[in-house]
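Hi,

Here is the structure I promised to pass on. Have a look at it first, and my notes on the helix packing follow below.

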Amino acid sequence: MKESSRKQGAASPCAACKLLRRRCAQDCVFSPYFPADEPQKFANVHRVFGASNVNKMLQELPIHQRGDAVSSLVYEANARVRDPVYGCVGAISSLQQQIDVLQAQLALAQAEVVHLRVRHSTNFPSHGLCPDSPGSSGSPSSKQVSPQDNKDMFSHMDMVDEVSLGESMWSC
């Protein structure tokens, strides 16, 4: 919890009392969370939620939970100022879309790796070797590809829709 921006004997009001143009009492519920040097913080919360509602919320909460509540209110208020319709949900939705795009890109990359491994293993059918793989000593017995290994290589293919892979990847 932040220290009050008011000093003993000094009557410097917190950002909330300054915006509301009222005297800041010693027991002001806003002063620990809305210091005078951060006026925009309270201005956005007041614009979105209203000072009376914030006051009621803070008074109903135990003191140890008020700091987290104010952080949430400030975050949501700032998000609502940026995006009045969706607020935080708009930011979450945007991030979810980015995750979906990145997961699709990852699946394509994994499918391409599997394709290249399969293609590479068909280029060395008599040895079953992968000369680029770590730990390969170069001898035919050092790295045999078992039927189980081939099954494992193809198990990743069900994650990717073959139509979405495009012709360019398969025309190597």
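Let's start with α2 and α4, whose axes are 8 Å apart and pack at an angle of about 75°. That makes α2 roughly perpendicular to α4, since angles from 65 to 115 degrees count that way. By class, this contact has 7 nonpolar, 2 polar and 4 charged residues. On the α2 side you'll find Lys41, Asn44, Val45, Arg47, Val48 and Phe49, and they meet Leu73, Val74, Glu76, Ala77, Asn78, Arg80 and Val81 in α4. Keep in mind that this is a predicted model, so everything here is computed from its atoms.

Some context on the whole chain: the protein has 172 residues, of which 26% count as buried. Among contacts with a separation of 6 or more, 49% are between residues 24 or more positions apart.

Back to α2. Its buried residues are Lys41, Phe42, Ala43, Asn44 and Val45, and the buried residues of this helix pack against α1, α3 and α4.

Is Val45 buried or exposed? Its relative accessible area is 0%, so Val45 is buried, the cut-off being under 20%. Setting aside neighbours within four places in sequence, Val45 has contacts with Phe34, Gly50, Val54, Leu73, Val74 and Ala77. For Ala77, which is 32 residues away along the chain, the C-alpha to C-alpha separation from Val45 is 5.2 Å.

Which residues have the most contacts inside the largest nonpolar core? They are Cys14, Phe30, Phe34, Phe42 and Leu58, in a core of 19 residues. Helices α1 (15-20), α2, α3 and α4 each supply at least two residues of this core, and the largest share, 4 residues, comes from α4. As a general point, nonpolar side chains in soluble globular proteins tend to be buried together.

The other pair to look at is α3 (residues 51-60) with α4 (residues 63-82), where the axes come within 9 Å and cross at roughly 150°. That makes α3 roughly antiparallel to α4, because angles over 145 degrees are classed this way. The crossing of α3 and α4 is right-handed. Here Val54, Met57, Leu58 and Gln59 from α3 meet Arg66, Val70 and Leu73 from α4. Sorted by class, the contact of α3 with α4 has 5 nonpolar, 1 polar and 1 charged residues.

If you only open two views, I'd pick these: α2 roughly perpendicular to α4, and α3 roughly antiparallel to α4. Leu73 turns up on the α4 side in the contact with α2 and also in the contact with α3.

Cheers

Methods
Residues numbered from 1 in each chain as written. Predicted model: local features only at pLDDT ≥ 70, side-chain atom pairs only at ≥ 80, totals over all residues. Heavy atoms only, no water. Buried < 20%, exposed > 50% of the residue type's maximum accessible area, 1.4 Å probe, protein only. Contact = heavy atoms within 4.5 Å. Axes fitted to C-alpha atoms, helices over the stretch in contact; angles between N-to-C directions. Parallel < 35°, antiparallel > 145°, perpendicular 65-115°, else oblique. Left-handed = near helix turned anticlockwise from the far one by under 90°. Nonpolar A, V, L, I, M, F, W, Y, C, P; charged D, E, K, R; others polar. Core = buried A, V, L, I, M, F, W, Y, C linked by side-chain atoms within 4.5 Å.
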